[in-house]
Amino acid sequence: MTDLSKYRNIGIFAHVDAGKTTTTERILKLTGKIHKTGEVHDGESTTDFMEQEAERGITIQSAATTCFWKDHRMNIIDTPGHVDFTVEVYRSLKVLDGGVGVFCGSGGVEPQSETNWRYANESEVARLIFVNKLDRMGADFYRVVDQVKNVLGANPLVMTLPIGIEDDFTGVVDVLSQKAYVWDDSGLPENFEVQDIPADMVEKAAEYREALIESAVELDDDLMMAYMDGEEPSLEDIKRCIREGTRTMHFFPTYCGSAFKNKGVQLVLDAVIDYLPSPTEVDPQPLTDEEGQETGEHAIVSADEPLRALAFKIMDDRFGALTFIRIYSGVMEKGMTVLNSYTGKTERIGRMVEMHADERTELTRAQAGDIIAVVGMKNVQTGHTLCATDAPCTLEPMIFPEPVISIAVAPKDKGSVEKMGIAIGKMVAEDPSFVVETDEDSGETILKGMGELHLDIKVDILKRTYGVELVVGKPQVAYRETITQQVEDSYTHKKQSGGSGQFGKIDYRIKPGEQGSGFKFSSSVVGGNVPKEFWPAVEKGFAAMMENGVLAGFPVLDVEVELYDGAFHAVDSSAIAFEIAAKGAFRQSIPKAGAQLLEPIMKVDVFTPEDHVGDVIGDLNRRRGMISGQEAGATGVRIKGDVPLSEMFGYIGHLRTMTSGRGQFSMEFSHYAPCPANVAEQVIAAEKEKQANK
């Protein structure tokens, strides 16, 4: 049996361009997994193996790889930083036991780092912090530490201090051992010396060491009492306390360095082993019933328990479909039969492989704590639980965000129709935030996603990977509708056409619900005027109509319906009659209830050099943006605001023109808000014209 205490399942996550992939490359080089490091800016890094990733220098898919450091096994997932691909980060965090949050020394805590940090908090993943790129212009380790405290509300435990900064960055001081690690100019990670701390840093290092010990001993009352009596705890005791504090997210050990220049990465690897939890030390995953409610049982991480595993990612590559699986308990062997508790069907485990980005090593068995891939599983999707056939269970499922933008696509030639269908089927299985629908009236294929870049890359993959040339329509915004007033109304459905007729009368109130509440139905009918068995039919009728609003046919949000009276006929009333009555009632009453168009509002974060701040703010105001704040950094200003999605198409081009190519921005969905009347009129007119042309 393998010793689970020597396992570390970790993810590396951060904002775009903070250096996650470069850090992963250095870790693989140091652990002997690769012999030549590939650089992101040359499009040659190991974990960015998609053509689109190499070209754009960004990570799109989370890649899994396994390596060894000081006889510990590390399963590492390098996640994307771009906001359009946060679903990759989210599902990776679900299956990890620990993480390394990478922050750029000059950029600091950027918007995407905040989102990822929030996801990690929700998934309760213990983390280390690595402040990277300290050799860059404007880098400032202490400023980033302050931002971690103030922006993320986290408690950084400083473990290393930088020696020199920007071009003079030569190494780090290990606060705990009070030794300096200094690298030479060769750029090789192994070329460093352990020296005494530079004279001008002795006082600072001692100060930080005292703060570190004070934070650590807080986790052990006996040690704390002894420390207050002037007795210094042993190194083992301090490390044990830091490990406990990291596991419980009491604080986050913080390191610094430059992955690109190979400085400081070894200390991070040591910290992964010393402080991040093994699979057995993490609170076990809760099990849920079919409705997703927790049952109170947990998947205890042990090879002796029945098999419980979560499929967290599906990827199609040149060898066929790969299903990435995290095994929580039990053992999985080649050839065994497992149950998919979501579909209720069994699957046979064919080839099992250990992944190193897009290369693989064949396995015959894997056990609790492992992250592996299985080749050729037919009906397994992201979030499905695989378990022993005699011990069915469901692990906590994943929840994915709703898409906010759509485009219509059609293949350029008739021959590609079938090819496109197969390709899109594979892509939807891989990415749960990518939704595809067919417009029944026009026969168009509608692709929906998290942002322009997301859909741009999907179209690119269809073209290059699957050879499907597409005609792409203009991006469409996912508008919604709601109501603003309460209405009390009555509706009778009756139909007589020989034989038994149909009859259903309902008296009801329709009112606006709370934001985000969706559709709520209640009945306060007394005395049996509408018999209880017909209430579900009334609810079903109203719920079905929520899909298409009366203004322009967009889905309706946040409506409460209360059925308070009505009438029925002993012979002619049926469930179907009441369902039709509810549908008629919806059409009749929604226009009276002050129907209103809602548009998606995006949380936008723009970075611009100081001399262009006025232009950027003026431009965002013209786009109907509400500026919520701005923050000056060393190299420029970050402007935050809420802007309607419909005004943000093609924004990156404008921003680059305004800022001479130096501006950057990111945005993510925030909420729905009412559309101004003039905008609503245009949208409704355009939709009606579209319907008329069909």
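Helix α6 (residues 202-217) and helix α8 (residues 235-247) have axes that come within 8 Å and cross at roughly 65°. This is a predicted model, in which local features need pLDDT of at least 70, side-chain atom pairs count only at pLDDT 80 or more, and totals for chains, interfaces and linings use all residues. Residues are numbered from 1 along each chain as its sequence is written, and side-chain values use heavy atoms, with hydrogens and water left out.

**Helix packing**

- The angle makes α6 roughly perpendicular to α8 (under 35 degrees counts as roughly parallel, over 145 as roughly antiparallel, 65 to 115 as roughly perpendicular and the rest as oblique).
- Leu212, Ile213, Ala216 and Val217 of α6 make the contact with Ile238, Cys241 and Ile242 of α8 (contact means heavy atoms within 4.5 Å).
- The axes are lines fitted to C-alpha atoms, for helices over the stretch in contact, with angles running from 0 to 180 degrees between N-to-C directions.
- Helices (H or I, at least four residues) and strands (E, at least two) are DSSP runs, numbered from the N terminus.

**Aromatic pairs**

- The structure holds nine aromatic pairs (ring centres of Phe, Tyr and Trp, the last by its six-membered ring, lie within 6.5 Å; planes under 30 degrees apart count as stacked, over 60 as edge-to-face and the rest as tilted).
- One of them joins Trp117 and Phe252 edge-to-face, 4.9 Å centre to centre with 65° between the planes.
- Trp117 lies in helix α4 (residues 111-122) and Phe252 in strand β11 (residues 252-256), so this pair ties together parts that are 135 residues apart in sequence.
- Trp117 is buried at 2% relative accessible area, and Phe252 is buried too, at 4% (buried means under 20%, exposed over 50%, partly exposed in between, with a 1.4 Å probe and protein chains only).
- Tyr181 and Phe192 form a tilted pair, 5.7 Å centre to centre with 35° between the planes.
- Because Tyr181 lies in strand β9 (residues 179-183) and Phe192 in strand β10 (residues 192-195), their pair ties together parts that are 11 residues apart in sequence.
- Tyr181 is buried at 18% relative accessible area, whereas Phe192 is partly exposed at 29%.
- Ring pairs also link Phe103, Trp117 and Phe252 into a cluster.

**Charges over rings**

- Trp117 has the charged end of Arg127 over its ring, 4.3 Å from the centre (NZ of Lys or CZ of Arg must be within 6 Å of the ring centre and within 35 degrees of the ring normal).
- Over the face of Phe434 lies Lys458, at 5.2 Å from the ring centre.
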